[in-house]
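I opened the model today to go through its fold piece by piece. These are my entries in the order I made them.

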Amino acid sequence: MTAHVNVEKLRVEAGPQGQAKTIVHDVSFTLKRGEVLALIGESGSGKTTIALSLLGYARPGCRISGGAVHVGEDNMAAMNAAQLADVRGRKVAYVAQSAAAAFNPSRRIMEQVIESALMHGVMSRGQAEAKAIDLFKQLSLPSPQTIGRRYPHEVSGGQLQRLMAAMALICEPELIIFDEPTTALDVTTQVDVLKAFKDVSESVQHYGSLCVSRLGRCGPDCRSDPGAAKRQGDGK
Ligand SMILES: Nc1ncnc2c1ncn2[C@@H]1O[C@H](COP(=O)(O)OP(=O)(O)O)[C@@H](O)[C@H]1O
Ligand SMILES: [Mg+2]
């Protein structure tokens, strides 16, 4: 297998030009199709910054200042806004730490889960809804046929986190990023949600996953590569 994701000497800076502080120091790693790679580090070490760079995104006040972030043929670090809009959600998807923050509270869940499939034109509304219900079943969500009619506040935190995974998987992306996807949940729910993510990941073999985790929270199914990333912080 050849590397599908290739991050090479990624550098991200924060702050105004001239007084910028480097928050990601020349990080390199690769990920093959079907592989799960864990990115582990303490809080504030740069995990989310690295994960977001795979979407070609830097948070306000930050910028990708060096290196390349290839997903397949595309260098996410060098694409313009229109090119990024075309690949985000379709080719690379992101499951955030807080599902509550990722969902719009005033729209029904199904509308939000299928939105990227309709926006990218990869399937019809009927196909997207059928696919969403299928994912709800695979993610062990209750009442898979009707849960999409509810609003985000009408489901539990663990269910909303699974629904965010369904939202990320709807277009069958080539790369899915789980950024501490269970940190906001209690410990027993974390185990159930991680198992559901693992089961659904195994049913779709063609994509790779980057799992972001705090120290000590990584499961046994992740590849561990001591040379994959450099220690972050204070330029060490
Ligand atoms: N917009 C920003 N401006 C300045 N510094 C930032 C900004 N966003 C994040 N940082 C800094 O970058 C570092 C890495 O943040 P982050 O990637 O969120 O870490 P992690 O996900 O590992 O907790 C932190 O020290 C944080 O303070
Ligand atoms: Mg983070």
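The entries below go from the whole chain to the sheet, the helices and the core.

Entry 1, the whole chain. I noted first that this is a predicted model. I found seven helices and eight strands in the chain. Of its 236 residues, 38% are buried. I also looked at contacts with a separation of 6 or more, and 71% of them are between residues 24 or more positions apart.

I traced four strands in the order 2-1-4-5, paired antiparallel. Which strands stand at the edges? They are strand 2 (21-32) and strand 5 (74-75); each has a single partner strand, so one side of each has no neighbour in the sheet.

I then went through two of the pairings. Strand 1 (residues 3-14) is joined to strand 2 by eight bridges, and I found Val7 opposite Phe29 of strand 2. The hairpin of these two strands has six residues between them, and Gly15 there has a positive phi near 100°. Strand 4 (residues 62-71) and strand 5 run antiparallel and are joined by two bridges. Across from His70 I found Asn75 of strand 5.

Strand 6 (residues 92-95) pairs with strand 7 (residues 175-179) in the parallel sense, over four bridges. Val95 has Phe178 of strand 7 as its bridge partner. I checked where the side chains of strand 6 point. Val92 and Tyr94 point one way, Ala93 and Val95 the other, and all are buried. For reference, side chains in a regular strand alternate between the two faces of the sheet.

For reference, a packed pair of helices is described by the angle between the axes and the distance between them. Helix 4 (residues 109-119) and helix 6 (residues 157-169) pack at about 30°, and their axes are 7 Å apart. Angles under 35 degrees count as roughly parallel, and the two helices are therefore roughly parallel to each other. Helix 4 makes the contact with Ile109, Gln112 and Val113, and helix 6 with Leu163, Ala166 and Met167. I sorted these residues by type: five are nonpolar, one is polar and none is charged.

I also listed the buried residues of helix 4, which are Ile109, Met110, Gln112, Val113, Ile114 and Ala117. They pack against helix 6 and also against helix 5 (125-138). Just after helix 4, Gly121 has a positive phi of about 65°.

The largest nonpolar core has 62 residues. Leu54, Leu163, Ala166, Ile170 and Leu210 have the most contacts inside it. Which helix gives the largest share of this core? It is helix 6, with eight residues. Two of the residues noted for their contacts in the core, Leu163 and Ala166, are also in the contact of helix 6 with helix 4.

I followed Leu210 further. Setting aside neighbours within four places in sequence, I found it in contact with Leu31, Leu37, Leu39, Ala51, Leu54, Leu175 and Ile177.

Technical notes: Residues are numbered from 1 along each chain as its sequence is written. Chains are lettered from A and ligands numbered from 1 in the order in which they are written. This is a predicted model: local features need pLDDT of at least 70, side-chain atom pairs count only at pLDDT 80 or more; totals for chains, interfaces and linings use all residues. Axes are lines fitted to C-alpha atoms, for helices over the stretch in contact, and angles run from 0 to 180 degrees between N-to-C directions. Angles under 35 degrees count as roughly parallel, over 145 as roughly antiparallel, 65 to 115 as roughly perpendicular and the rest as oblique. Two residues are in contact if their C-beta atoms, placed from the backbone, lie within 7 Å. Ala, Val, Leu, Ile, Met, Phe, Trp, Tyr, Cys and Pro count as nonpolar, Asp, Glu, Lys and Arg as charged, and the others, Gly among them, as polar. A nonpolar core is a set of buried Ala, Val, Leu, Ile, Met, Phe, Trp, Tyr and Cys residues joined through C-beta atoms within 7 Å. A residue is buried if 20 or more other C-beta atoms lie within 10 Å of its own, exposed if 12 or fewer, and partly exposed in between; C-beta atoms are placed from the backbone. Two strands pair if DSSP finds at least two bridges between them.
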